[in-house]
Amino acid sequence: SGLSDTIILDIISNYLVLPNRITVPLVSEVQIAQLRFPIPKGVLRIHFIEAQDLEGKDTYLKGIVKGKSDPYGIIRVGNQIFQSKVIKENLNPKWNEVYEALVYEHPGQELEIELFDEDPDKDDFLGSLMIDLIEVEKERLLDEWFTLDEVSKGKLHLKLEWLTLMPTAENLDKVLTSIKADKDQANDGLSSALLILYLDSARNLPVSSILTGTL
């Protein structure tokens with residue numbers, strides 16, 4: 001059941017979860033590429049910092065002794081999914097990780113976070129969080145503790161930055177300077193610019209020798 005649900009959700013995501021979309025042009029003059037592949041509205045930089053007072057899910061001696069948890073986080077923005085490292089046996093974990101996600105619609109997209117306790121068989125749920133990206137864009141920077149939903153206790157510390165895309169490179173040096181202090185936080189470094197490449201079509205490609213029956 002779990003496997004089939006995952007497969008179904010993946011299929012739907014490939015078609016309908018932003019930035020993926022089904023485009024139906026109603027007038028001939030419209031630029032199809034701009035509809036199917038719009039420029040992002042902005043970039044969300046997610047500082048996944050720490051959590052406090054999480055539920056202890058691990059048990060010993062057939063449940064008699066209550067233990068701790070091995071927490072990690074799943075972060076989603078549209079079809080972009082990130083997973084944090086696992087912090088072993090800790091109800092107050094510190095991740096200090098950074099992720100960057102493209103935002104294509106607001107309203108229309110939310111930041112979704114779920115925390116889990118890693119287990120050999122089935123990971124236990126430790127809480128969730130939904131954040132409206134309109135509020136993040138409005139404030140430009142949010143550095144707060146958020147109370148986790150769907151659980152009895154636990155809170156999550158996030159710092160969220162809204163980055164606006166500029167059409168020219170005149171501020172690039174300033175941006176590069178501002179991220180130098182944080183360059184080691186993300187696995188592949190923090191971004192300073194975005195390259196968008198459209199592959200429109202190809203012509204006069206060579207015919208495969210297998211298809212023509214030649215060697």
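The protein contains five helices and 10 strands, where helices (H or I, at least four residues) and strands (E, at least two) are DSSP runs numbered from the N terminus. This is a predicted model, in which local features need pLDDT of at least 70 and side-chain atom pairs count only at pLDDT 80 or more, while totals for chains, interfaces and linings use all residues. Residues are numbered from 1 along each chain as its sequence is written, and side-chain values use heavy atoms, with hydrogens and water left out.

Of the 215 residues, 32% count as buried; buried means under 20% relative accessible area, exposed over 50%, and partly exposed in between (1.4 Å probe, protein chains only). The accessible surface comes to about 14,600 Å², and carbon and sulfur atoms provide 54% of that area. These areas come from the Shrake-Rupley method with a 1.4 Å probe, and for residues only the protein chains shown count as cover. A contact means heavy atoms within 4.5 Å. Among the contacts with a separation of 6 or more, 58% are between residues 24 or more positions apart.

Strand 1 pairs with strand 6 in the antiparallel sense over eight bridges, two strands being paired if DSSP finds at least two bridges between them. Within this pairing, valine 43 has leucine 102 of strand 6 as its bridge partner. Strand 1 is also joined to strand 10 by nine bridges, and these two strands run antiparallel as well. Here leucine 44 has tryptophan 162 of strand 10 as its bridge partner. In a regular strand the side chains alternate between the two faces of the sheet.

Rings of Phe, Tyr and Trp (its six-membered ring) pair if their centres lie within 6.5 Å; planes under 30 degrees apart count as stacked, over 60 as edge-to-face and the rest as tilted. By this rule there are four aromatic pairs. One of them is the tilted pair of phenylalanine 48 and tryptophan 95, with 4.6 Å from centre to centre and 35° between the planes.

Phenylalanine 116 is buried, with a relative accessible area of 17%, whereas phenylalanine 125 counts as partly exposed at 25%. Ring pairs link Tyr72, Phe116 and Phe125 into a cluster.

Four strands form an open sheet in the order 5-4-7-8, with antiparallel pairing. Strand 5 (80-83) and strand 8 (124-132) are the edge strands, each pairing on one side only. From one strand to the next, the twist averages 15°; axes are lines fitted to C-alpha atoms, for helices over the stretch in contact, and angles run from 0 to 180 degrees between N-to-C directions. Strand 7 (residues 110-117) and strand 8 pair in the antiparallel sense over eight bridges.

Glutamate 110 lies in strand 7 and is partly exposed, with a relative accessible area of 34%. Although glutamate 110 and aspartate 132 are 22 residues apart in sequence, their C-alpha atoms are 5.0 Å apart in space. Leaving out residues up to four places away in sequence, glutamate 110 touches Arg76, Val77, Met130, Ile131, Asp132 and Leu133.

Some local features remain. Most residues other than glycine have a negative phi, and most peptide bonds are trans. Asparagine 96 has a positive phi of about 55° although it is not a glycine, and this residue lies in strand 6. Glutamate 150, also not a glycine, has a positive phi of about 70°. Glutamate 150 is found in the loop between strand 9 (141-147) and strand 10 (155-163), and it counts as exposed at 67% relative accessibility. Finally, lysine 155 lies over the face of tryptophan 145, at 5.3 Å from the ring centre. A charge sits over a ring if NZ of Lys or CZ of Arg is within 6 Å of the ring centre and within 35 degrees of the ring normal.
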